[in-house]
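Student: I am new to this structure. Could we go through some of the terms and see how each one applies?

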Amino acid sequence: GRNVNALGTSKGNMLLNTSFTGDYDSENVTSTTDVTPDTVIFSDPLKHWTSDGVSVIASEESQSGYAAKINAGGNLYQNVALEAGKWYVLSFRGKGGSLTYSIGGVMGMLTLKQSVDSYDVPFVCGEDRGLAIMAQSEVTVMELQLCEGNLPTAWKQNYQDGEKTMAAVN
């Protein structure tokens with residue numbers, strides 16, 4: 001049972017940097033920039049995300065080639081503007097243990113399979129709150145997408161993630 005009055009999407013992926021590759025913009029480096037072996041030379045792979053206990057890993061299972069590994073007790077958060085009373089769908093691919101999510105005033109728990117599978121969570125926004133994912137045990141997530149409507153669609157980056165021409169059109 002999906003609400004047929006809310007089918008489809010109208011804005012594409014509302015989340016930024018869901019490929020975990022950064023935004024392809026050049027980083028500003030000056031002669032006073034401290035460079036260590038841990039310094040990110042290219043765009044930060046967790047740019048636009050607030051995280052704790054999260055690392056970006058190479059993944060042949062992800063379309064972008066990267067995924068976010070969230071350790072047990074870790075979390076991943078992104079602020080996104082939502083409209084109360086509207087249908088949205090959160091979708092992603094992942095594997096591992098269990099996680100809890102909170103978005104738009106809606107909370108839930110998912111137990112992920114040990115091999116990569118697709119997950120989608122249609123919901124009616126109760127309040128304007130961002131996306132938070134908290135791992136109960138280690139999980140790997142990739143291709144996160146948040147769209148208006150209640151039908152999951154094939155993953156696509158946000159138009160602002162390196163596709164500057166498309167961002168200008170939208």
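Tutor: From the N terminus on, the chain's elements follow the order β-β-β-β-β-β-β-β-α. This is a predicted model, where local features need pLDDT of at least 70 and side-chain atom pairs count only at pLDDT 80 or more, while totals for chains, interfaces and linings use all residues. Residues are numbered from 1 along each chain as its sequence is written, and side-chain values use heavy atoms, with hydrogens and water left out.

Student: Why is Ala81 called exposed?

Tutor: Exposed means over 50% relative accessible area, buried under 20%, and partly exposed in between (1.4 Å probe, protein chains only). Ala81 has 59% relative accessibility, so Ala81 counts as exposed. Ala81 sits in the loop between strand E2 (66-78) and strand E3 (87-96).

Student: Which residues does Ala81 touch, leaving out those up to four places away in sequence?

Tutor: Met14 and Asp128, with that exclusion. Contact means heavy atoms within 4.5 Å. Ala81 and Gly130 are 49 residues apart in sequence, with 7.0 Å between their C-alpha atoms.

Student: What makes a group of residues a nonpolar core, and which members touch the most others in the largest one?

Tutor: A nonpolar core is a set of buried Ala, Val, Leu, Ile, Met, Phe, Trp, Tyr and Cys residues joined through side-chain atoms within 4.5 Å. The largest has 30 residues, and Leu76, Leu99, Leu144 and Leu146 touch the most other members. Strand E8 (139-148) is among the elements that give two or more residues to this core, and E8 provides the largest share, four residues. In soluble globular proteins, nonpolar side chains tend to be buried together.

Student: What is the volume of the largest cavity, and what makes a space a cavity?

Tutor: The volume is about 40 Å³. On a 1 Å grid over the protein atoms alone, a cavity is a set of points where a 1.4 Å probe fits but cannot get out; lining residues have an atom within 4 Å of a point. Grid points are joined across faces, edges and corners, and a volume is the space filled by probe spheres set on the points. The lining consists of Leu90, Phe92, Leu99, Tyr101, Leu110, Ile133 and Val141.

Technical notes:
1 Å grid on protein atoms, 1.4 Å probe; cavity = no way out; pocket = protein on both sides within 12 Å on 5 of 7 lines; lining within 4 Å.
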